[in-house]
Amino acid sequence: IDGHLAAEDTVDVAAIEALARAQCEGDPLSQRLARALGGAQRLLAPLRLLPLPPPLTFKLSVMREQRPELLAHSVRTMLVALYLGMRSGWGERQCAPLAAAALLHDIGELHMDPVWRDREQKITGAGRKHLVVHPVTAMLIVRALQAYPRSVGEAVFEHHERMDGTG
């Protein structure tokens, strides 16, 4: 079904770059990261190589309209990941899948019941399963598109994992 959905003014790579550039200008952490690399241009360079298939541009567009704070968080996470990758000596080609994993890590939250976002809702016991399943959902979405290396799906899946194997 996702492959047949479309929207106008979708969140494509150019829109992600614009959002990231705006964060580099207005968000103190993103400003510091960009400055440390010599400017936003260098930090955002790997985005030119970022594949973003139409089903994902649709989902990101839904995120922009219904969960703008989640999209802002995803873009900020992507900027931090890009910074870490580049500071580790990775090139633009290596950083593009890293950017994809960071940007898409919470895409599964779009499939959660909105009641779980209510901070006053106490999540206990079996109800936590709804919350912890979003990395699995996100991984399945990413893998189904076959647009990314397997490592992207693995990173998305493991983004809440802890060193002791819980998460």
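Mentor: Start with a term: buried means under 20% relative accessible area, exposed over 50%, and partly exposed in between, with a 1.4 Å probe and protein chains only. This is a predicted model, in which local features need pLDDT of at least 70 and side-chain atom pairs count only at pLDDT 80 or more, while totals for chains, interfaces and linings use all residues. Residues are numbered from 1 along each chain as its sequence is written, and side-chain values use heavy atoms, with hydrogens and water left out.

Trainee: What makes Gln 23 count as buried?

Mentor: Gln 23 has 10% relative accessibility, so Gln 23 counts as buried, the limit being under 20%. Its place is in helix H1.

Trainee: Why is H1 called a helix, and how many residues does H1 have?

Mentor: Helices are DSSP runs of H or I with at least four residues, strands are runs of E with at least two, and both are numbered from the N terminus. H1 covers residues 13–26 and has 14 residues. The expected span of a helix is 1.5 Å times one less than its number of residues. From first C-alpha to last, H1 reaches 20 Å, close to the 20 Å expected.

Trainee: Which residues of H1 are buried, and why are they said to be on the same side?

Mentor: The buried residues of H1 are Ile 16, Ala 20, Gln 23 and Cys 24. They cover an arc of only 100° around the axis, so they lie on the same side of H1. The arc is that of the directions from the helix axis to the C-beta atoms. On the face turned away from this buried side, H1 carries the exposed residues Ala 14, Glu 25 and Gly 26.

Trainee: What do the buried residues of H1 pack against?

Mentor: Helices H2 (28–36), H3 (40–44), H4 (54–66), H5 (68–87) and H6 (92–104). Contact means heavy atoms within 4.5 Å. Leaving aside neighbours within four places in sequence, Gln 23 is in contact with Ser 30, Gln 31, Ala 72, Val 75, Arg 76 and Leu 79.

Trainee: Which residues are buried in H2?

Mentor: Ser 30, Leu 33 and Ala 34 are buried in H2. Their arc around the axis is only 95°, which puts them on the same side of H2. H1, H3 and H5 are among what covers them.

Trainee: What makes a set of residues a nonpolar core?

Mentor: The members are buried Ala, Val, Leu, Ile, Met, Phe, Trp, Tyr and Cys residues, joined through side-chain atoms within 4.5 Å. The largest such core has 39 residues, and those with the most contacts inside it are Ile 16, Leu 43, Leu 60, Met 78 and Leu 103. H5 gives the most to this core, with nine residues. Leu 60 is in contact with residues including Val 11, Ile 16, Leu 71 and Leu 103, with neighbours within four places in sequence left aside.

Trainee: How do you know how many disulfides to count?

Mentor: A disulfide is a pair of cysteine sulfur atoms within 2.5 Å. By this rule the count is zero. As for burial, Cys 24 has a relative accessible area of 9% and is therefore buried. Cys 95, at 0% relative accessibility, also counts as buried.
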